[in-house]
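Let's go through this one by asking what each label rests on. Here is the chain to look at.

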Amino acid sequence: RRGAIERIASGQVTVNNVVVRDPFRRVVATDDIAAEGYVGRLRFAPPRLWVFHKPRNVLMGEDGSYQKLLFRRYAQMHGHEHMMPVGTLPFQTHGLVLVTNDGDLARFLQHPSVGLQQTWFARVQPKISP
């Protein structure tokens with residue numbers, strides 16, 4: 001993202017044949033974008049939400065490039081480049097995790113003020129005596 005911001009700020013990007021230096025300028029699907037040899041229209045993927053079964057012993061967080069890399073491998077295997085988990089599960093657990101291609105939706109669902117209920121079931125071995 002930093003590289004894109006720097007390219008836009010330096011005037012290397014045009015929108016509808018006008019040089020744009022504001023990296024936060026909104027564009028729509030009908031705008032013609034030109035940047036470093038690319039000329040065309042943006043392809044917006046519709047926002048989607050999936051339920052993903054995280055296998056045991058797989059890292060799946062947004063903290064650190066190593067964890068992102070492992071989750072991205074799963075996403076790429078299924079033909080999705082831009083997917084992010086909504087929340088996470090510990091390394092040695094398995095279960096269902098919400099996954100989306102919409103960063104705003106992921107941030108919204110993870111924000112404490114939303115109050116999204118999360119439920120965990122745990123099996124403890126050996127059994128604990130009461």
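**Labels and the values behind them**

Q: What makes Asp104 count as exposed?
A: Exposed means over 50% relative accessible area, and Asp104 has 55% relative accessibility, so it counts as exposed. Keep in mind that this is a predicted model.

Q: How do you know that Arg107 counts as exposed?
A: By the cut-off of over 50%: Arg107 comes out at 52% relative accessibility, so the label is exposed.

Q: Where do Asp104 and Arg107 lie?
A: Both sit in helix H3, 3 residues apart, which is about one turn of the helix.

Q: How many salt bridges does a search of the whole structure find?
A: There are 2. One joins the side chains of Asp31 and Arg25, at 4.0 Å, N to O.

Q: What makes Asn101 buried?
A: Its relative accessible area is 14%, and under 20% means buried, so Asn101 is buried. Asn101 is found in the loop between strand E7 (95-100) and H3.

Q: What does the side chain of Asn101 reach?
A: The side chain of Asn101 reaches the backbone nitrogen of Arg48 at 2.6 Å.

Q: Which residues does Asn101 touch, not counting residues up to four places away in sequence?
A: They are Ala45, Pro46, Pro47, Arg48, Trp50 and His82.

Q: How do you know that Gly95 is buried?
A: Gly95 has a relative accessible area of 14%, and under 20% means buried, so Gly95 is buried. Gly95 is found in strand E7. Leaving out residues up to four places away in sequence, Gly95 touches Phe52, His53, Lys54 and Leu89.

Q: How many residues apart in sequence are Gly95 and Phe121?
A: They are 26 residues apart in sequence, and 9.5 Å apart in space, C-alpha to C-alpha.

Q: Which residues make up the largest nonpolar core?
A: The core has 7 residues in all: Phe52, Met60, Ala75, Met83, Leu89, Val97 and Val99. A second, separate core of 5 residues includes Ile8, Val13, Val15 and Val20. In soluble globular proteins, nonpolar side chains tend to be buried together.

Q: Which residues make the nonpolar surface patch of about 250 Å²?
A: That patch is made by Phe108, Val114 and Leu116. Val114 lies in the segment after helix H3 (103-110).

Q: Why is Val114 called partly exposed?
A: The label covers what falls between buried, under 20%, and exposed, over 50%. Val114 has a relative accessible area of 30%, so it is partly exposed.

Q: What about the phi of Asn17?
A: Asn17 has a positive phi too, of about 65°, although it is not a glycine. Asn17 is in the loop between E1 and E2. At 76% relative accessibility, Asn17 is over the 50% cut-off, so it counts as exposed.

Q: Which residues does a cis peptide bond join?
A: The bond joins Gln125 and Pro126, with omega about 0°. Pro126 is found in the segment after H3.

Definitions and conventions:
Residues are numbered from 1 along each chain as its sequence is written. This is a predicted model: local features need pLDDT of at least 70, side-chain atom pairs count only at pLDDT 80 or more; totals for chains, interfaces and linings use all residues. Side-chain values use heavy atoms; hydrogens and water are left out. Patches are made of residues with over 30% relative accessible area and no salt bridge: like charges are joined within 9 Å, nonpolar side chains (Val, Leu, Ile, Met, Phe, Trp, Tyr) within 5 Å. Accessible areas come from the Shrake-Rupley method with a 1.4 Å probe; for residues, only the protein chains shown count as cover. Helices (H or I, at least four residues) and strands (E, at least two) are DSSP runs, numbered from the N terminus. Buried means under 20% relative accessible area, exposed over 50%, partly exposed in between (1.4 Å probe, protein chains only). A polar contact is a pair of N or O atoms within 3.5 Å; within protein, one must be able to donate a hydrogen and the other to accept it, and residues adjacent in sequence count only if both atoms are side-chain atoms. Contact means heavy atoms within 4.5 Å. A nonpolar core is a set of buried Ala, Val, Leu, Ile, Met, Phe, Trp, Tyr and Cys residues joined through side-chain atoms within 4.5 Å.
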